[in-house]
Amino acid sequence: MDHFLYRDGILHAEDVPVPAIAAAVGTPFYCYSTATLARHFKLFDEALEGTEHLVCFAMKSNSNQAVLKTLAGLGAGMDVVSGGEYARAKAAGVPGDRIVFSGVGKTREEMRAALEGGIRQFNVESEPELIQLSEVASSMGVEAPIAIRVNPDVDAKTHEKIATGKSENKFGIPIARAKEVYAQAAALPGIDVVGIDVHIGSQLTELEPFGLAFEKVAELTEVLRAEGHNIRRLDLGGGLGIPYERSNEAPPLPIEYGQLIKDKVGHLGCEIEIEPGRLISGNAGILVSDVIFVKSGEGRDFLIVDAAMNDLVRPSMYSAHHDIIPVVEPAAGAEQQPYDIVGPVCETGDTFAKQRNMPVLQAGDLIAFRSAGAYGAVMASEYNTRALIPEVLVHEDQFAVIRQRPTFDEMINRDTIPEWL
Ligand SMILES: *Cc1c(COP(=O)(O)O)cnc(C)c1O
């Protein structure tokens, strides 16, 4: 459920008519709903009620400062994957003890910054990383709290580019070697082993792979405790999928996911962390775009819109589906026709949908891409020197621009000319 609904025939974001935002900021733009962000965060928080837990928002899905502040204000922690994200989390007022640092390639500088600013835990993904973290922490005279990310070798049954839990993926250490690596960690200076971490992929639409992974983590917890490690925290990652295609998808609900966690690891008495990104931010955002031209081609009609692959890359990168709806609600039984919906970028890959049935549209009509709040703005680029599009946050009947569209001069002046030119 989200808060983008038709009201009196016009798409609204909460209580704000979408055309009013378009008139104020120009198209294309991202629009996020505070109520939807809050609702999705609370679904996870409530699903783990009765268990000591922290929901860490995977901010790589949407790292706008206003989004982070909204979630932090509700008690969310943050899962960060770079020094930049760590700085963003701190800038949004998230205390270090609510920030988890994930990622396969943390640099010494990133480790140092997190140890200085405060960190809940590093999720360590390899032995070289463990050794480097030990060196950095020791040189600073501090201890780095860590969980080791184990790779449980389960098939997440998702898109290959976002599956992370198979042994051939670059993530984590093979679970079969965990005992050895935990022993190594325990012997290293500057390292405090607090738990186990697992994250098997993104956009999972079944619970079964989670269940298999959590069972393996539970077994490992017992094994490591028997070896004398004080395993007190389990980070179970993110990855729960969302219904991108509302007509035919119904992924598991957070409450079912929470129950699965309780069933599989509840008996261990560990504090639970989860790192959902997409399920919190995905359906909390839309991308609003304007039809520039309707072009008739050989046996097909193209809707050429002012958003492009540089603004929302998911369709061209992952062949992802986004529901696309007109901002003006079509009359019941209105005529429909198939369109190829494309952006202006000079690549055939700049195609959002092929032969998508839509009501008949004209130049100047507004459309909205649903489920665009996750892996949308954060993956945008200025390819074709198209400005990064504005982000807008709605709260009840108010809206605010939370990232401005840069001017062409601002974009151009980021380049500098060497003195020999
Ligand atoms: C990407 C990622 C997440 C979030 O995944 P979602 O599918 O957005 O929930 C969580 N943890 C780690 C380590 C990740 O890389």
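Colleague: Which polar side-chain atom lies 2.7 Å from an oxygen atom of the ligand?

Modeller: That atom belongs to K60, and a polar contact here means a pair of N or O atoms within 3.5 Å. This is a predicted model, in which local features need pLDDT of at least 70 and side-chain atom pairs count only at pLDDT 80 or more, while totals for chains, interfaces and linings use all residues. Residues are numbered from 1 along each chain as its sequence is written, and side-chain values use heavy atoms, with hydrogens and water left out.

Colleague: What are the distances from the ligand to the side chains of Y375 and D79?

Modeller: A polar side-chain atom of Y375 lies 2.6 Å from an oxygen atom of the ligand, whereas an N or O atom in the side chain of D79 is 3.4 Å from a ligand nitrogen. Of the 390 Å² of accessible area that the ligand has on its own, the protein covers 93%, with areas taken from the Shrake-Rupley method and a 1.4 Å probe.

Colleague: How many residues surround the ligand?

Modeller: A residue is near a molecule if one of its heavy atoms lies within 4 Å of it; here 15 residues surround the ligand, the closest being K60, S202, E275, R278 and Y375. By class, this shell has three nonpolar, seven polar and five charged residues, where Asp, Glu, Lys and Arg count as charged, Ala, Val, Leu, Ile, Met, Phe, Trp, Tyr, Cys and Pro as nonpolar, and the others, Gly among them, as polar.

Technical notes:
Polar contact = N/O pair within 3.5 Å; in protein donor to acceptor, adjacent residues only side chain to side chain.
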